[in-house]
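Here's a quick tour of a fold, written for someone who likes cut-offs spelled out. Have a look at the model first, then read on.

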Amino acid sequence: MINRNLAKVVAEQGHQDLLMVVDAGFAIPLGVETIDISLGENKPMVLDVLAELKKFYSVEKMILAKQTKETNPTLFNKISTIWENDIEIEVIEHSELKQISKTVKAIVRTGDFTAYGNVILVSGAGGRWYSEK
């Protein structure tokens, strides 16, 4: 991963920690670590960032706003299937998503101008853990 700040945040994620990838207009809460990688309008897109994170980051659940599904169903479907299909997708009100954003370890801000283009990633344990039973 080229972006050193993003690589650091990914390396610091533990099982069930929260990482958020947001559009250009998301109101980022004060005090939450923010990695702003916006370069211009729609550069990069949320999907671009998720595709890169997929290479390095284990996710067990994604949380999206109901408004994403209603307003931009194509984006909702693309985000929902970017990781394996067995990942849980939780759909909540946008206002609740904004409340949860105050508790995430970090937020990655993109230049995406797609309405409600925000997703919370719940860190997974990955497939490398050994369990005798």
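Is lysine 8 buried, partly exposed or exposed? With a relative accessible area of 41%, lysine 8 is partly exposed; here buried means under 20% relative accessible area, exposed over 50%, and partly exposed in between (1.4 Å probe, protein chains only).

Some ground rules before going further. This is a predicted model, so local features need pLDDT of at least 70 and side-chain atom pairs count only at pLDDT 80 or more, while totals for chains, interfaces and linings use all residues. Residues are numbered from 1 along each chain as its sequence is written, and side-chain values use heavy atoms, with hydrogens and water left out.

## Salt bridges

The structure holds six salt bridges, a salt bridge being a side-chain nitrogen of Lys or Arg within 4 Å of a carboxyl oxygen of Asp or Glu. As background, side chains of opposite charge can pair when their charged atoms come close.

| Glu partner | Lys partner | N to O distance |
|---|---|---|
| Glutamate 12 | Lysine 8 | 3.1 Å |
| Glutamate 52 | Lysine 55 | 3.0 Å |
| Glutamate 90 | Lysine 61 | 2.7 Å |

Lysine 8 pairs with glutamate 12. Both sit in helix α1, four residues apart, so about one helical turn separates them. (Helices, H or I with at least four residues, and strands, E with at least two, are DSSP runs numbered from the N terminus.) Glutamate 12 is partly exposed too, at 40% relative accessibility.

In the second pair, glutamate 52 is partly exposed at 31%, whereas lysine 55 is exposed at 59%.

Glutamate 90 is partly exposed, with a relative accessible area of 25%, but lysine 61 counts as buried at 19%.

## The nonpolar cores

Now for the inside. In soluble globular proteins, nonpolar side chains tend to be buried together. A nonpolar core here is a set of buried Ala, Val, Leu, Ile, Met, Phe, Trp, Tyr and Cys residues joined through side-chain atoms within 4.5 Å. The largest such core has 25 residues, and the members touching the most others are Val21, Leu50, Leu53, Trp83, Val119 and Leu121. Elements giving two or more residues to this core are α1 (4-12), β1 (18-22), α2 (46-54), β3 (59-65), α4 (73-80), β5 (106-109) and β6 (119-123). Helix α2 supplies the largest share, four residues. Apart from this core lies another one, of twelve residues, including Leu18, Val22, Val32 and Val122.

Which residues does valine 119 contact, leaving aside its neighbours within four places in sequence? The list runs Leu19, Met20, Val21, Val46, Leu50, Met62, Ile63, Leu64 and Ile79, where contact means heavy atoms within 4.5 Å.

## Helix α2 against helix α4

Two packed helices are described by the angle between their axes and the distance between the axes. For α2 and α4 the angle is about 5° and the axes are 11 Å apart. These axes are lines fitted to C-alpha atoms, for helices over the stretch in contact, with angles running from 0 to 180 degrees between N-to-C directions. The two helices are therefore roughly parallel to each other; angles under 35 degrees get that label, while over 145 is roughly antiparallel, 65 to 115 roughly perpendicular and the rest oblique.

On the α2 side, the contact uses Val46, Leu47 and Leu50, and on the α4 side Leu75, Lys78 and Ile79. That makes five nonpolar residues, no polar and one charged. In this scheme Ala, Val, Leu, Ile, Met, Phe, Trp, Tyr, Cys and Pro are nonpolar, Asp, Glu, Lys and Arg charged, and the others, Gly among them, polar.

What is the peptide bond from lysine 43 to proline 44, cis or trans? That bond is cis, with omega near -15°, and proline 44 lies in the loop between β2 (33-36) and α2.

Glutamine 16, in the loop between α1 and β1, has a positive phi of about 75° although it is not a glycine. Glutamine 16 is partly exposed, at 49% relative accessibility. Tyrosine 116, in the loop between β5 and β6, also has a positive phi, near 60°, and is partly exposed at 29%.
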